[in-house]
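Thanks for coming. I have one structure to go through today, and I will take its two ligands in turn.

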Amino acid sequence: MHVQVMDHPLIQHKITLMRKKETGSKDFRNLLEEITMLMGYEITRDLPLENVAIETPVATMTGKQISGKKLGIVPVLRAGLGMVQGMLNLIPMAKVGHIGLYRDPQTLEPVEYYCKLPDVENRDFIIVDPMLATGGSSVAAIQMLKDKGVKNIRFMCIIAAPEGVERMTKAHPDVDLYIGALDDHLNEQKYIVPGLGDAGDRIFGTK
Ligand code: PRP
Ligand code: URA
């Protein structure tokens, strides 16, 4: 598994702003979208290009354009929704699937409640979720895509805990993992420390 912590100064700066407890939902959402775009820029670095003949106002030339590679963005509900627009700003032609998972408050294991994907044939997928804590949700989300026959999957999160990264690398060594910040540990409630709290609640203002 390829694990990359994207420690670009702009990403680090914006994650710090997101973490602050006084940052409200509107700013939190804007920062999440901006960080997603910065990370998405790096993740899409190897997208295949093709030549295209164009005319500028001055001359004809051979330009480059993204080739017809089929891409899917899959947010893990709810918090992953906050990363969709950032990815679509970069790749407007991508299709969007949704996977619904929540952590059972007793077992802290993921429970599936929704799955709707675009046609998976020859499509590469990027799963987005701001938080990778125990790794239960991300491991389950990736397995759901694999069960539908998806071969090429990347996973992108803003903050990860070492415990989650380890679980992911064991369960899905073939999936590339892109992280904005690697934090210290999980607390007893399996929240990331120092983290940013509950990402879904901070995006949607539910607590
Ligand atoms: C959060 C987060 C991840 C999950 C990470 O979702 O968005 O999906 O927790 O934790 P894990 O790595 O231990 O599985 P949550 O279950 O709080 O649901 P929500 O997005 O609907 O708030
Ligand atoms: N989910 C969150 O939203 N935050 C955490 O710290 C862990 C799981």
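Which backbone atom lies 2.8 Å from an oxygen atom of ligand 1? It is an N or O atom of Ala 133. Keep in mind that this is a predicted model.

Let me stay with ligand 1. A polar side-chain atom of Thr 134 is 2.5 Å from one oxygen atom of the ligand, and for a polar side-chain atom of Arg 78 the distance to an oxygen atom is 3.0 Å. On its own, ligand 1 has 500 Å² of accessible area, and the protein covers 90% of it.

There are 15 residues around ligand 1, and those that come nearest are Arg 103, Asp 129, Thr 134, Gly 135 and Ser 137. By class, the shell has six nonpolar, five polar and four charged residues. Strands β6 (98–103) and β9 (131–132) and helix α4 (136–147) each supply at least two residues of that shell. As for location, ligand 1 sits in the largest pocket.

Now ligand 2. The space it takes is also the largest pocket. The residues around ligand 2 include Arg 103, Ala 133, Lys 190 and Tyr 191. Its shell divides into five nonpolar, one polar and three charged residues.

The polar contacts I list here involve the backbone. Ile 192 has a polar backbone atom 2.8 Å from an oxygen atom of ligand 2. A backbone N or O atom of Ala 199 is 2.8 Å from an oxygen atom of the ligand, and a polar backbone atom of Gly 197 is 2.8 Å from a nitrogen atom. Alone, ligand 2 exposes 240 Å², of which the protein buries 88%.

Conventions
Residues numbered from 1 in each chain as written. Chains lettered and ligands numbered in written order. Predicted model: local features only at pLDDT ≥ 70, side-chain atom pairs only at ≥ 80, totals over all residues. Heavy atoms only, no water. Near = heavy atom within 4 Å. Polar contact = N/O pair within 3.5 Å; in protein donor to acceptor, adjacent residues only side chain to side chain. Areas by Shrake-Rupley, 256 points an atom, 1.4 Å probe, with all protein chains shown as cover. 1 Å grid on protein atoms, 1.4 Å probe; cavity = no way out; pocket = protein on both sides within 12 Å on 5 of 7 lines; lining within 4 Å. Sits in = over half its atoms within 2 Å of the grid points. Helix = DSSP H or I, 4+ residues; strand = E, 2+ residues; numbered from the N terminus. Nonpolar A, V, L, I, M, F, W, Y, C, P; charged D, E, K, R; others polar.
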